[in-house]
Amino acid sequence: MRIEGATALVTGANRGLGKAFVEELLARGAAKVYATARDVSTITDPRVTPLELDITEPASVAAAARAAADADLVVNNAGIATGASVLGDENDLRRELETNFFGPVRVTRAFAPVLAANGGGAVVNVLSVLSWLSLPSTGGYSAAKAAAWAATNAQRVELAGQGTHVVGVHVGYLDTEMAAHVDGPKTSPDRLAAQVLDAVEAGEPEVLGDDLSRQVKAGLAGDLRDLYAGRG
Ligand SMILES: NC(=O)c1ccc[n+]([C@@H]2O[C@H](COP(=O)([O-])OP(=O)(O)OC[C@H]3O[C@@H](n4cnc5c(N)ncnc54)[C@H](OP(=O)(O)O)[C@@H]3O)[C@@H](O)[C@H]2O)c1
């Protein structure tokens with residue numbers, strides 16, 4: 001689909017990668033951008049349509065789908081990384097799953113009929129290289145992103161009949177608050193947002209946003225011990 005003239009909705013649009021998506025959508029001539037946030041007062045750009053949306057709240061998601069009934073592109077960007085372990089407190093693990101798995105799944109379920117009514121459109125799910133790899137401090141996050149990856153593939157199959165294009169996005173560290181504690185190479189959110197919108201326009205199913213995500217994906221075909229060597 002073309003971004004020029006599109007009506008897009010971005011979750012977690014108040015900062016980080018979500019804000020970069022908003023800028024890139026506007027730069028490419030999107031007709032309308034619903035910039036959504038838990039605290040809508042954080043959206044101050046006069047070029048966008050602010051909309052309150054907490055992806056963990058079913059009523060909030062349903063209200064957003066009613067309010068943005070003209071959307072033809074949904075960017076599931078919002079996420080958290082709490083450091084929850086799969087062996088630790090179950091509530092901490094559920095919080096990670098609630099935001100990084102059930103949240104985007106809930107948004108796509110609510111918007112699927114909207115997209116169908118508007119000609120099919122597209123859904124972008126921001127995943128991670130950690131959908132394919134677990135580090136000592138990312139067990140819960142990796143499990144949630146792996147589930148979200150599987151859901152992305154399921155949505156691609158299930159929404160094909162209504163002409164909705166589904167894009168999964170994998171990347172290592174981004175230069176945002178979420179990875180502020182990390183040293184080492186980070187991808188610029190502006191650059192990733194541009195890559196993702198290129199993929200939407202080209203009809204590509206997946207974005208591998210950096211060398212790490214390309215290496216790890218290729219490594220899945222090899223010996224698992226090689227993939228994890230030196231990573232723990
Ligand atoms: N940063 C990285 O290194 C990295 C790497 C790979 C993938 N990712 C993924 O990229 C996406 C964007 O992350 P980021 O780096 O931009 O992180 P960020 O700077 O921490 O921003 C996270 C955004 O998600 C929003 N959010 C969190 N929970 C929400 C909820 N329940 N409902 C609605 N919005 C919610 C936040 O809103 P508030 O301001 O209200 O908290 C904020 O806008 C996430 O899916 C993340 O997992 C990040």
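A backbone N or O atom of Gly-12 lies 3.2 Å from an oxygen atom of the ligand. That is a polar contact, meaning a pair of N or O atoms within 3.5 Å. The model is predicted: local features need pLDDT of at least 70, side-chain atom pairs count only at pLDDT 80 or more, and totals for chains, interfaces and linings use all residues. Residues are numbered from 1 along each chain as its sequence is written, and side-chain values use heavy atoms, with hydrogens and water left out.

An N or O atom in the side chain of Arg-38 is 2.7 Å from a ligand oxygen. For the side chain of Thr-176, the corresponding distance to an oxygen atom of the ligand is 2.5 Å. How much of the ligand does the protein cover? It covers 93% of the 900 Å² of accessible area that the ligand has on its own. Accessible areas come from the Shrake-Rupley method with a 1.4 Å probe.

Now take the whole shell. The ligand is surrounded by 28 residues, each with a heavy atom within 4 Å of it. Among the closest are Asn-14, Asn-77 and Tyr-141; Arg-38 and Thr-176 are on that list too. By class, the shell has 13 nonpolar, 10 polar and 5 charged residues. Here Ala, Val, Leu, Ile, Met, Phe, Trp, Tyr, Cys and Pro count as nonpolar, Asp, Glu, Lys and Arg as charged, and the others, Gly among them, as polar.

Which helices each supply at least two residues of this shell? Helix 1 (16–27) and helix 4 (139–158) do. Helices are DSSP runs (H or I, at least four residues), numbered from the N terminus.

Both of these helices pack against others. The axes of helix 1 and helix 5 (residues 189–202) come within 8 Å and cross at roughly 55°. Helix 1 is therefore oblique to helix 5. Angles under 35 degrees count as roughly parallel, over 145 as roughly antiparallel, 65 to 115 as roughly perpendicular and the rest as oblique. Axes are lines fitted to C-alpha atoms, for helices over the stretch in contact, and angles run from 0 to 180 degrees between N-to-C directions.

Turn to helix 4. Helix 3 and helix 4 pack at about 15°, with axes 8 Å apart. So helix 3 is roughly parallel to helix 4.

Helix 3 (residues 90–117) also packs with helix 2 (residues 58–67), at an angle of about 25° and with axes 9 Å apart. Helix 2 is therefore roughly parallel to helix 3.

Technical notes. A polar contact is a pair of N or O atoms within 3.5 Å; within protein, one must be able to donate a hydrogen and the other to accept it, and residues adjacent in sequence count only if both atoms are side-chain atoms.
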